[in-house]
Amino acid sequence: MTTPAEGTAPLVELDGVSKYYGNIRALEDVSLVVNAGEISCVLGDNGAGKSTLIKIIAGLHQHDGGSFRIEGEEAKLANPRDALNRGIATVYQDLAVVPLMPVWRNFFLGSEPTKGTGPFKRMDVEFMRRTTYEELARMGIDLRDVDQPIGTLSGGERQCVAIARAVYFGAKVLVLDEPTAALGVKQSGVVLKYVAAARDAGLGVVLITHNPHHAYLVGDRFILLKRGAMFGSHSRDEITLDELTRQMAGGSELDDLRHELERAPVPTHLGGHPVDGAEK
């Protein structure tokens, strides 16, 4: 794992960031640090504020309060293209791919290289095929036929293609929106392997997930969100998987719920057995 050099500013740093939609609090006082060669995991249930956080980092929405810095410089991203230009690539759970197009075409979608000039200008198909194969192989993705429609790949394989694409186009920060949410155990493992490969390539990774087991397999930092606010921030050496899982499940709230759901003794006149200390 690549560790940030002493004195180097984080690739992305959110400090006390808040976001409001009218009177609705979507995020309040959330902080996050993303360093090169590290994976920062953001965990929370539905409605915790994970999507809003992604949208701020990806340039879809601007924050209303707090500080958002990119490599030490205060930033307010105008749009997703602005984020890409600053080295932030976001891979959403519902991947923006064209299922019937080949893998190489999707790899370069929107950024197609050309050759020739004037009326003879055309896409450089040979370069795109070769580069797609080489970049996937470099990430350890063994895909023999880049001409096959991307829709024929498994969900995990499509996620891996998207990760390799972001690395190729120069991303410094990779934001992954629930990449394992709809996958089985084996495919989830494949995706996490390539998430770790992106980290080892020196990228700063933000992994959004509701699965503490997946987060703990690869994560260096863990931010827990609940109803738009932080209720936990830990480095890997500060928390165990059991404690992370407990906090994700609700912590003390889960204990209270357990007490509420405990089966009460059935009174003897309704057919129950006498309880200790009761009259016989």
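**Burial, cores and voids in a predicted model**

S40 is buried, at a relative accessible area of 1%; buried means under 20%, exposed over 50% and partly exposed in between, with a 1.4 Å probe and protein chains only. S40 sits in strand β3. Beyond its neighbours within four places in sequence, S40 is in contact with L32, V33, V34, V205, V206, L207 and R221, where contact means heavy atoms within 4.5 Å.

The model is predicted: local features need pLDDT of at least 70, side-chain atom pairs count only at pLDDT 80 or more, and totals for chains, interfaces and linings use all residues. Residues are numbered from 1 along each chain as its sequence is written, and side-chain values use heavy atoms, with hydrogens and water left out. pLDDT is the predictor's confidence in each residue, from 0 to 100. The protein averages 86, and 87% of the residues score at least 70. Among the elements, strand β3 (residues 39-43) has the highest mean pLDDT, 95. Helix α9 (residues 252-261) has the lowest, 60. Where pLDDT is low, the predicted coordinates should not be read in detail.

The protein holds 9 helices and 12 strands. Helices (H or I, at least four residues) and strands (E, at least two) are DSSP runs, numbered from the N terminus. Of the 280 residues, 42% are buried. Among contacts with a separation of 6 or more, 64% join residues 24 or more positions apart. The accessible surface comes to about 15,000 Å², and carbon and sulfur atoms account for 51% of that area. Areas come from the Shrake-Rupley method with a 1.4 Å probe; for residues, only the protein chains shown count as cover.

The largest nonpolar core has 44 residues. Such a core is a set of buried Ala, Val, Leu, Ile, Met, Phe, Trp, Tyr and Cys residues joined through side-chain atoms within 4.5 Å. L136, I163, L174, L176 and F222 touch the most other members. Helix α5 (residues 155-168) supplies the largest share of this core, 7 residues. Another core lies apart from it, with 26 residues, among them L11, I54, I70 and I208. Leaving out residues up to four places away in sequence, L174 touches A89, V91, I163, A166, A198, L203, G204, V205 and V206.

Helix α1 (residues 50-58) is mostly covered, with 7 of its 9 residues buried. These are K50, T52, L53, I54, I56, I57 and A58. G59 follows α1 and has a positive phi, near 90°.

Two residues other than glycine were examined for backbone geometry. Most residues other than glycine have a negative phi. E71 has a positive phi, near 50°, and lies in the loop between β4 (65-70) and β5 (73-74). E71 counts as partly exposed because its relative accessibility is 42%. E178 also has a positive phi, near 45°. E178 lies in the loop between β9 (173-177) and α6 (185-200). At 8% relative accessibility, E178 therefore counts as buried.

A75 lies in the loop between β5 and α2. Its relative accessibility is 5%, so A75 counts as buried. A75 touches H63, F68, R69, I70 and R86, with residues up to four places away in sequence not counted. A75 and Q62 are 13 residues apart in sequence, and their C-alpha atoms are 9.5 Å apart in space.

A cavity is a set of points where a 1.4 Å probe fits but cannot get out; a pocket is an open set with protein on both sides within 12 Å along at least five of seven lines. Lining residues have an atom within 4 Å of a point. Grid points are joined across faces, edges and corners, and a volume is the space filled by probe spheres set on the points. The largest pocket has a volume of about 880 Å³. It is lined by 30 residues, of which L84, A89, T90, L109 and R165 lie nearest its centre. The elements giving two or more residues to this lining are α2 (80-85), β6 (88-91), α3 (103-107) and α5. The count of cavities of 30 Å³ or more comes to 1.
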